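Visitor: I'm new here and would like a tour. Could you walk me through what sits where, and how you can tell?

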Amino acid sequence: MGVSFDKADGSLWLKFDVQPKADPTSDADRAAKLKDPGFGRVFTDHMAIVRYSADEGWHSARVESRANFPLDPATAVLHYAQEIFEGLKAYRRDDGGINLFRPDANAKRFRNSADRMAMAPVPETVFIEAVEQLVHIDHKWIPGGEGSLYIRPFMIANEVFLGVKPSSEYIFAVIASPVGSYFKGGPAPVSIWVSETYTRAAVGGTGAVKCGGNYAASLRAQAEAIDRGCDQVVFLDAVEHRYIEELGGMNVFFVFNDGSLLTPPLGTILPGITRDSIIALAKEAGTPVREEAYSIDQWRADAASGKLKEAFACGTAAVISPIGKVCSTKGDFTINGGAAGEMAMGLRKKLVDIQYGRAADTHNWIKKVL
Ligand code: PLP
Ligand code: COI
């Protein structure tokens, strides 16, 4: 059982009991799985898991063989969706070492998500330690080249009770999945369906946190996008159905012919770590960035007039993906002739060069694990 003690600075620290898998995947099988992993279907050998109860606090921190969770059918998460998650990546450097990108930002956002969902907050030290422990033990699963290891920390309400209230027990776990590109075809431009019927988040709701329920509620709109032949859905604001919010799993940026950038303001959208990093990189390069409301009508008009040069989606899974085409009931329009734009691809290169350790980490975003 993991022993917990308080560090001098008062933050909780747990010692993880590491039990390596008895029969890990062979080198040959792993190499075959890493050949073309796609996104989210291949998993590493281990998981990190920590338990919480109101009586004991966080305890039983383990790294062990990845396995099913036995859940009573009345477990709270199965009924009321008290669940949150994160997404971050580990990158293989050219020197063979491993970089994590801004894990502290994910740990902080996870706490905010827990707070909004009335869940026990995972101390940031425990979050980061769990991620690092898993990356250490499964480091052979990090693909070379432009692949990476997608790390998925998550927490579920584990109390067996059908009353509607915050759970008194939680499981925090971290799993990992070697990935290539989120979209088939890599950073080729994607097409977007504008959801005029369904919204994602309203003021006072959960749009700004990463809870599974947000994604469940987005699936009808995403299915509509697929039906229309689009890759992703873009949501509009819940009040006027006019202003661009974000995609189902990505933030969005617009690039204008005066060289400036615009991205929707925080509030009901997920405060993306990629979004924040892009704003920092753009500003540092002297590019003006506005965090302002932008309507779908303006987007259409600016694309037609040539004022809008590019648009792109961004997120941990998507990195930076140019948007080539926008489809809606009011007709379709293309952006930049449907081609990847210079700004999107330039920012993408800057970002991934930092993540893979090919460019200087002047923002202190990289945490070396190996
Ligand atoms: N918006 C949503 C709804 C997301 O699911 C994600 C992905 O995590 C993002 C934005 C981008 O966030 P980040 O850059 O932190 O991955
Ligand atoms: C991410 O980019 O980490 C996401 O969570 C997006 C999606 C896979 C849900």
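**Around the two ligands**

Guide: Start with ligand 2: domain 1 (3-179) and domain 2 (190-355) both give residues to its shell, so ligand 2 lies between them. Those bounds come from an automatic or database domain assignment. This is a predicted model, where local features need pLDDT of at least 70 and side-chain atom pairs count only at pLDDT 80 or more, while totals for chains, interfaces and linings use all residues. Residues are numbered from 1 along each chain as its sequence is written, chains are lettered from A and ligands numbered from 1 in the order in which they are written, and side-chain values use heavy atoms, with hydrogens and water left out.

Visitor: What makes a residue part of the shell around ligand 2?

Guide: One of its heavy atoms must lie within 4 Å of the ligand. F39, F85, G87, Y150, R152, Y182, K210, Y215, G249, T316 and A317 surround ligand 2. By class, six are nonpolar, three polar and two charged; here Ala, Val, Leu, Ile, Met, Phe, Trp, Tyr, Cys and Pro count as nonpolar, Asp, Glu, Lys and Arg as charged, and the others, Gly among them, as polar.

Visitor: Which residues are closest to ligand 1?

Guide: Among the 16 that surround ligand 1, the closest are Y215, E246, I273, T274 and T316. A polar side-chain atom of E246 is 2.5 Å from a nitrogen atom of ligand 1, and one of T274 is 2.5 Å from an oxygen atom of ligand 1. For R109, a side-chain N or O atom lies 2.8 Å from an oxygen atom of ligand 1.

Visitor: How do you know how much of ligand 1 is buried?

Guide: Accessible areas come from the Shrake-Rupley method with a 1.4 Å probe; for residues, only the protein chains shown count as cover. Taken alone, ligand 1 exposes 390 Å², and the protein buries 97% of that.

Technical notes
Polar contact = N/O pair within 3.5 Å; in protein donor to acceptor, adjacent residues only side chain to side chain.
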